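Keep the viewer open as you read.

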Amino acid sequence: MLVFDKCGKPDMTSAAPVFCVSDAAAALSRFNEEAYTVFPGFCDVHVHFREPGFSYKETIASGSRAAAAGGYTAVCTMPNLDPVPDSPAHLRAQTDLIARDAVIGVYPYGAITVGEKGEALSNMAGMAGEVIAFSDDGKGVQSEDRMRAAMTEAKRLGKRIVAHCEVNELLRGGYIHAGAYAASHGHKGICSESEWKQIERDLRLAKETGCGYHVCHISTKESVALIRAAKRDGVDVTCETAPHYLLLDEHDLQEDGRFKMNPPLRTLADREALLEGVLDGTIDMIATDHAPHSAEEKAKGLAGSAFGIVGLETAFPLLYTGLVRSGILPMARLMDLLVWNPRRRFHLPLGNDFSVWDLNARYRIEPERFLSKGRATPFASREVNGKCCLTVYHGKTVYESLEA
Ligand SMILES: [Zn+2]
């Protein structure tokens, strides 16, 4: 059995990670054939589990089971909830559910501003001990002064700011990329500048305040270039992109809500720049931005559907098939992006967490089989390699494929 361990990986400073397969020998005993591959537990720093507040879309239980089915053992949940975790009491509404229902490690973000409204800062100090970092994901923090204050406070608390970057006044009602497809099909477009302009501002603020800064779901070539330059300049910045920005672009768009997410699928040039960023280390990690909605909310075409697609159950097979098997990315580098870099950046050491995969299993993605409540994915019916057979979290089996 081939085991991808941490050999040759960068030093995980705080609390050295343990990846100990022998501890789970019982769970592994039925996979003792050469056909299986064991990976350390994947870590996704950007998911939406919708609870409390929107449990018709997803719950901590369904979301964490979907994550386990995708080989993930640690995920960080975004705060666009009801109540928004902007105070210890509001945060507790979510942490109580996590304690009761999560089958893997689920780490909540605290909001940057009260109600994610972009105005008064949340009770960051009150939540700092219990949140992974601070984010207003779903929205950009529009005010420069507010973002500066948030970074200053986060720095004081030893926490990072994780930013969804979007300049509202540049959106102009857009919902897919302002490119060739939008023009030829009569859709309203979102320009690239709406993303990179705010990244540019925040990089300046991160340099000024010294705050550790992480950029969510980058999708444009300009974002890659800005972050690459900031890293060279010594700014404490990391960033993520998502599988769909690496594997799809506006040429793949169809008149269907499952192709609608924010940021949108951009141009081929953007996709190529993102791949380059992954290869040269500018992009540190791949997150799914798993954002489930009801079937009804995703059935209103590109213009009317809600933004967001699911991703936890398809990320590894898609990336493995599209990037590793095709020879673009070495497997060890994919492990950096899915395991080691996010865990190191957000201090999430690996316990006895791993998943077992049959990488030769070839199949079509069938959303109706997802454990997530969300079914909208632009990758429906795409053929992929890699089937998750077993996932173990803290030595306990949390997912097992019945077909394995
Ligand atoms: Zn976002």
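R172 sits in the loop between β6 and β7. Bear in mind that this is a predicted model. The backbone at R172 is worth a look: phi is near 50°, a positive value in a residue other than glycine. Most residues other than glycine have a negative phi, and most peptide bonds are trans. R172 is also exposed, with a relative accessible area of 59%.

E116 has a phi near 50° too, again positive without being a glycine. Is E116 buried or exposed? With a relative accessible area of 4%, E116 is buried, since the cut-off for that label is under 20%.

Next, the peptide bonds. E51 and P52 are joined by a cis bond, with omega near 5°, and P52 belongs to the loop between β3 (42–47) and α2. Another cis bond links D82 to P83, with omega about 5°; this proline lies in the loop between β4 (72–77) and α3.

Now for the metal. Which residues hold the zinc ion? D137 (OD), H164 (ND1) and H217 (NE2) coordinate the zinc ion, at 2.0 to 2.2 Å. Along the chain, these donors are spaced as D-x26-H-x52-H. The two histidines tie together distant parts of the chain: H164 comes from the loop between β6 (161–163) and β7 (176–177), while H217 comes from the loop between β9 (213–215) and α8 (221–232), 53 residues apart. Both H164 and H217 are buried.

From α8, move over to α7 (residues 193–209). The axes of these two helices come within 9 Å and cross at roughly 10°. Angles under 35 degrees count as roughly parallel, so that is how α7 and α8 run relative to each other. Their crossing is right-handed. On the α7 side the contact uses E195, W196, I199, E200 and L203, and on the α8 side E222, S223, L226, I227 and A230. By class, that makes six nonpolar, one polar and three charged residues.

Finally, look at α2 (residues 60–69) and α3 (residues 88–101). Their axes also come within 9 Å, but cross at roughly 55°, so α2 and α3 are oblique to each other. The crossing of α2 and α3 is right-handed. I60, A61 and S64 of α2 meet L97, I98 and D101 of α3, a set with four nonpolar residues, one polar and one charged.

How values were computed
Residues numbered from 1 in each chain as written. Predicted model: local features only at pLDDT ≥ 70, side-chain atom pairs only at ≥ 80, totals over all residues. Heavy atoms only, no water. Donors = N, O, S within 2.8 Å, 3.2 Å for Na, K, Ca; no water. Helix = DSSP H or I, 4+ residues; strand = E, 2+ residues; numbered from the N terminus. Buried < 20%, exposed > 50% of the residue type's maximum accessible area, 1.4 Å probe, protein only. Axes fitted to C-alpha atoms, helices over the stretch in contact; angles between N-to-C directions. Parallel < 35°, antiparallel > 145°, perpendicular 65-115°, else oblique. Left-handed = near helix turned anticlockwise from the far one by under 90°. Contact = heavy atoms within 4.5 Å. Nonpolar A, V, L, I, M, F, W, Y, C, P; charged D, E, K, R; others polar.
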